[in-house]
Amino acid sequence: DSTAEAVAVKSLLGHRLCSDPTKAKAEWYSIVEGEHMLWTGVSDPYKHTIRGFLAHFNHQILSQANMRFRFQNGSVGNFFFAGARLFFGSLDAAIFLYSRVSRIPDQSRVLPSISTNHHITLGAE
């Protein structure tokens with residue numbers, strides 16, 4: 001059984017931004033700033049943790065001044081995972097954090113199958 005908070009976190013991390021570039025960017029900033037309705041039902045400790053890694057990801061985007069990031073159809077969960085990976089500098093640590101925050105069952109295993117500096121593909125059992 002999932003708690004209401006687990007459902008809210010799953011909804012947040014499973015959310016994809018819209019396909020319109022302007023609307024997707026506005027929605028992203030609403031999420032990073034903690035104002036989006038997707039935060040409803042997420043407790044402050046979870047919200048601060050998730051927002052911290054989303055903000056870190058956002059900072060990394062902004063620091064690439066010569067590149068424009070395309071937010072459309074972006075996955076909040078992927079952005080969270082990327083923020084954790086960049087922060088820790090460790091794929092294993094990012095997998096561990098994502099597994100705990102998203103409450104992936106303990107008997108599940110998440111394994112990186114391809115890992116480069118630009119792309120990561122995960123497999124789950």
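Let's start with Glu 5, which sits in helix α1; helices here are DSSP runs of H or I with at least four residues, strands are E runs of at least two, and both are numbered from the N terminus. Setting aside neighbours within four places in sequence, Glu 5 is in contact with Gly 41, Val 42, Ser 43, Tyr 46 and Arg 103, where contact means heavy atoms within 4.5 Å. Glu 5 counts as buried because its relative accessibility is 18%; buried means under 20% relative accessible area, exposed means over 50%, and partly exposed is in between, with a 1.4 Å probe and protein chains only.

A word on what you are looking at. This is a predicted model, in which local features need pLDDT of at least 70 and side-chain atom pairs count only at pLDDT 80 or more, while totals for chains, interfaces and linings use all residues. Residues are numbered from 1 along each chain as its sequence is written, and side-chain values use heavy atoms, with hydrogens and water left out.

Now the overall layout. The protein has five helices and two strands, and along the sequence the pattern reads α-α-α-α-α-β-β. Of its 125 residues, 34% count as buried. If you take the contacts between residues at least 6 apart in sequence, 53% of them join residues at least 24 apart.

On to the inside. In soluble globular proteins, nonpolar side chains tend to be buried together. Here the largest nonpolar core has 29 residues, and Trp 28, Ile 31, Ile 50, Leu 54, Phe 80 and Val 101 have the most contacts inside it. By nonpolar core I mean a set of buried Ala, Val, Leu, Ile, Met, Phe, Trp, Tyr and Cys residues joined through side-chain atoms within 4.5 Å. The elements giving two or more residues to this core are α1 (4-13), α2 (21-32), α3 (44-63), α4 (76-88) and α5 (91-101). Which of them gives the most? That is α3, with six residues.

So let's stay with α3 for a moment. This helix has 20 residues and reaches 28 Å from its first C-alpha to its last, close to the 28 Å expected at 1.5 Å a residue; the expected span is 1.5 Å times one less than the number of residues. Its buried residues are Tyr 46, Lys 47, Ile 50, Phe 53, Leu 54, Phe 57, Asn 58 and Ile 61. As one example, Ile 50 is in contact with Val 9, Leu 12, Leu 13, Trp 39, Phe 80 and Val 101, leaving aside neighbours within four places in sequence.

Ser 30 belongs to helix α2, and Ser 30 counts as buried because its relative accessibility is 18%. Beyond four places in sequence, Ser 30 touches Glu 35, His 36 and Trp 39.

Ser 19 is in the loop between α1 and α2, and at 53% relative accessibility Ser 19 counts as exposed. Not counting residues up to four places away, Ser 19 touches Gln 72 and Asn 73.
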